Amino acid sequence: MVLRELTPQKFSCGWGACPAIFEDEKNKKYLLIGKVVDTRKHKLDMRVGKGEVLVEIPKGLLAEIKK
C-alpha cells in the first residue's frame with residue numbers, strides 16, 4: 001500500500017503522537033491518525049461496527065485540506 005500524507009504542515013509534529021491524514025491512491029481511501037474515542041460517551045456504540053473505532057481529529061485538520 002502506497003500512502004501519500006495530506007496532513008497540513010501546521011498539524012505535523014515530526015515524531016508521531018499527533019493527528020494526521022493519509023491517502024491511499026490505489027484504493028481511493030483515507031486513513032486517519034487521531035485519538036480513539038469512547039463510543040458510549042457520544043452515543044455512537046451502535047454505529048461503530050466490529051473492527052472499527054471512533055477517531056477524533058481537530059476540526060482544522062480537515063478544513064486545511066479542503067483549501
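Throughout these legends, a residue is called buried under 20% relative accessible area, exposed over 50% and partly exposed in between, computed with a 1.4 Å probe on protein chains only. The structure is a predicted model, in which local features need pLDDT of at least 70 and side-chain atom pairs count only at pLDDT 80 or more, while totals for chains, interfaces and linings use all residues. Residues are numbered from 1 along each chain as its sequence is written, and side-chain values use heavy atoms, with hydrogens and water left out.

**View A. The salt bridge between R4 and E23.** A salt bridge is a side-chain nitrogen of Lys or Arg within 4 Å of a carboxyl oxygen of Asp or Glu. In general, side chains of opposite charge can pair when their charged atoms come close. For R4 and E23, the N to O distance is 2.6 Å. The pair links distant parts of the chain, 19 residues apart, with R4 in strand β1 (residues 3-5) and E23 in strand β2 (residues 20-24). Strands (E, at least two residues) and helices (H or I, at least four) are DSSP runs, numbered from the N terminus. R4 is partly exposed, at a relative accessible area of 41%, whereas E23 is buried, at 17%. A network of salt bridges links R4, E23 and E25.

**View B. The salt bridge between K10 and E64.** Here the side chains meet with an N to O distance of 3.3 Å. Because K10 lies in the loop between β1 and β2 and E64 in helix α1 (residues 59-66), the pair ties together parts that are 54 residues apart in sequence. K10 is exposed, with a relative accessible area of 63%; E64 is partly exposed, with 24%.

**View C. The salt bridge between R40 and D38.** The side chains of these two residues meet at 3.2 Å, N to O. R40 counts as exposed, at 61% relative accessibility, and D38 as partly exposed, at 37%. A search of the whole structure finds 4 salt bridges.

**View D. The hairpin of β2 and β3.** Two strands pair if DSSP finds at least two bridges between them. Strand β3 covers residues 29-33 and runs antiparallel to β2, to which 5 bridges join it. A20 has I33 in β3 as its bridge partner. The hairpin has 4 residues between the strands, and K28 takes a positive phi near 55°.
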